[in-house]
Amino acid sequence: MQSLTSRAKQVDRSPMTVVERLYLWNIFKGMWITLKHFFRKKPTIHYPEEKRPFSPVFRGLHILNRDEEGRERCTACGLCAVACPAEAITMEAAERVSGEENKYREEKYAARYEINMLRCIFCGLCEEACPKDAIYLSETFAPANYQRKGFIYGKDDLLIPHPKENPEEYQKAVGSRAKAPANA
Amino acid sequence: MARPVQYNIYGQTDVKLVKEGPEGYAGEGFFTTSLDKVVGLARKNSIWPLPFATSCCGIEFMATMASHYDLSRFGSERVGFSPRQCDLMMVMGTIAKKMAPVVRQVYLQMAEPRRVMAVGACASSGGIFDTYSVLQGIDQVIPVDVYVPGCPPRPEAIIDGFMRVQELVHNESLRRRTSDKYKDLMNAYGIQ
């Protein structure tokens, strides 16, 4: 019969040789492989103590961005909510009154902005849809929780720290993506 | 395109490794503590998971069990495929409404004390499948202890959820089963 692949091999049914019959020899051969693995590099990452760097394109928890002066970029247009395949984003728009120009970049802003992290599938379509560069997916994975209610992330969980009032935390959030100084 | 921001500092996990032992009276060559704490410690470090994997989150669970993340470091070397011997049911993946009675039956077959972890968006809330055929979260049929978001969650996130289960088991009272709160919870799901 013609074989299906070129790598087909006839099964060797010849009687065992003396060394094979000794049995212990093959055990030693196997144990030698086991022994060699003791001295190999250990692949395990001891997770809570030691963390693996994520890829720069990793899509984790969302973050609502601010501009250089610390004004919220989001204008509550709702394009992210429309783009969201899981319908996880809810928002409520409000109009900026005079005196709030230092808080919000546009004339309309999101008074309430909620993402249901249990629904969210971290696809990044909100990020793609956003015309104002206001929402980004960060390299932080969403933490687990005991109750459902802890998963509705509001604006206080999502908004990036203020770059002027809270520069240390802002730098932490920006991480290695900080821009080099303009005149450098 | 690289994003201008890297981390969400408000969403970072707060679960820590517990390295010191329980409170107790220590002397030279002996240590006494309450039975609750010893049993909690033993149970916490020998949770046998039952993977109820119906889709892609199961693949991520396999990565968690493999040598890079190695869930057996937490005492769950043995993945049981029989509900009778397992302590933690990990439901991973979309549960269709036709599957719901099966999930429930598997839960009922588990021996007390039992815990349930919903891994991934589909198991915890239905995810993108807001349709007639998909159960909108397994907590409609069985009580869930820990939810792990993500689609699918990273192995780190699964370990994070697992450490939360460990925390629950560690602080669990020996008489939890007979407490009114637990009975009420079971009655709410129609489980005798």
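Q: Let's start with charges. Which residues of chain A are linked in a network of salt bridges?
A: Keep in mind that this is a predicted model. The network links Asp67(A), Glu69(A), Arg71(A), Arg105(A), Glu106(A) and Lys132(A). Over all chains, the structure holds 19 salt bridges.

Q: Take one pair from that set. How far apart are the closest N and O atoms of Arg105(A) and Asp67(A)?
A: They're 2.9 Å apart, and the two residues form a salt bridge. This pair links distant parts of the chain: Arg105(A) is in the loop between β2 and β3 of chain A, Asp67(A) is in the loop between β1 and α3, and 38 residues separate them.

Q: And is Asp67(A) buried or exposed?
A: Here the cut-off does the work: under 20% relative accessible area means buried, over 50% exposed, and anything in between partly exposed. Asp67(A) has 2%, so it's buried. Arg105(A), at 32%, counts as partly exposed.

Q: Which residue forms a salt bridge with Glu139(A)?
A: That's Arg177(A), with the closest N and O atoms 2.3 Å apart. Glu139(A) sits in the loop between β4 and β5 of chain A, while Arg177(A) is in the segment after α6, and again the two are 38 residues apart. Glu139(A) is buried at 8% relative accessible area, and Arg177(A) counts as buried too, at 16%.

Q: Now chain B. What does the salt bridge between Asp14(B) and Arg164(B) tie together?
A: The closest N and O atoms of this pair are 3.1 Å apart. Asp14(B) lies in the segment before β1 of chain B and Arg164(B) in helix α5, so the bridge ties together parts that are 150 residues apart in sequence. Asp14(B) is exposed, with 56% relative accessible area, whereas Arg164(B) is buried, with 7%.

Q: What is Arg164(B) in contact with, leaving aside its neighbours within four places in sequence?
A: Residues from both chains. From chain A there are Pro143(A), Ala144(A), Asn145(A) and Tyr146(A), and from chain B there are Thr13(B), Asp14(B), Val15(B) and Val146(B).

Q: That takes us to the interface. How much area do chain B and chain A bury between them?
A: The size of an interface is often given as the accessible area lost when the parts come together. For this pair of chains it's about 4600 Å², 57% of it on carbon and sulfur atoms. In chain B, Arg3(B), Val5(B) and Gln6(B) lose the most area to chain A, together 18% of what that side buries.

Q: How many salt bridges and polar contacts are there between the chains?
A: The salt bridge count is 2, and 29 residue pairs are in polar contact. Arg3(B) forms a salt bridge with Glu127(A), the closest N and O atoms being 2.3 Å apart.

Q: Which element gives the most to the side of chain B that touches chain A?
A: That's α5(B), with 9 residues. By class, this side has 20 nonpolar, 14 polar and 12 charged residues.

Q: Last one, the nonpolar cores. Which residues touch the most other members of the largest core?
A: Among its 50 residues, they're Tyr113(A), Ile115(A), Met89(B), Val91(B) and Ile138(B). The largest share of this core, 4 residues, comes from α3(B). Apart from it lies another core, of 27 residues, including Phe141(A), Val15(B), Ile158(B) and Phe162(B).

How values were computed:
Residues numbered from 1 in each chain as written. Chains lettered and ligands numbered in written order. Predicted model: local features only at pLDDT ≥ 70, side-chain atom pairs only at ≥ 80, totals over all residues. Heavy atoms only, no water. Buried area = accessible area lost by both parts, 1.4 Å probe. Salt bridge = Lys/Arg side-chain N within 4 Å of Asp/Glu carboxyl O. Polar contact = N/O pair within 3.5 Å; in protein donor to acceptor, adjacent residues only side chain to side chain. Nonpolar A, V, L, I, M, F, W, Y, C, P; charged D, E, K, R; others polar. Buried < 20%, exposed > 50% of the residue type's maximum accessible area, 1.4 Å probe, protein only. Contact = heavy atoms within 4.5 Å. Core = buried A, V, L, I, M, F, W, Y, C linked by side-chain atoms within 4.5 Å.
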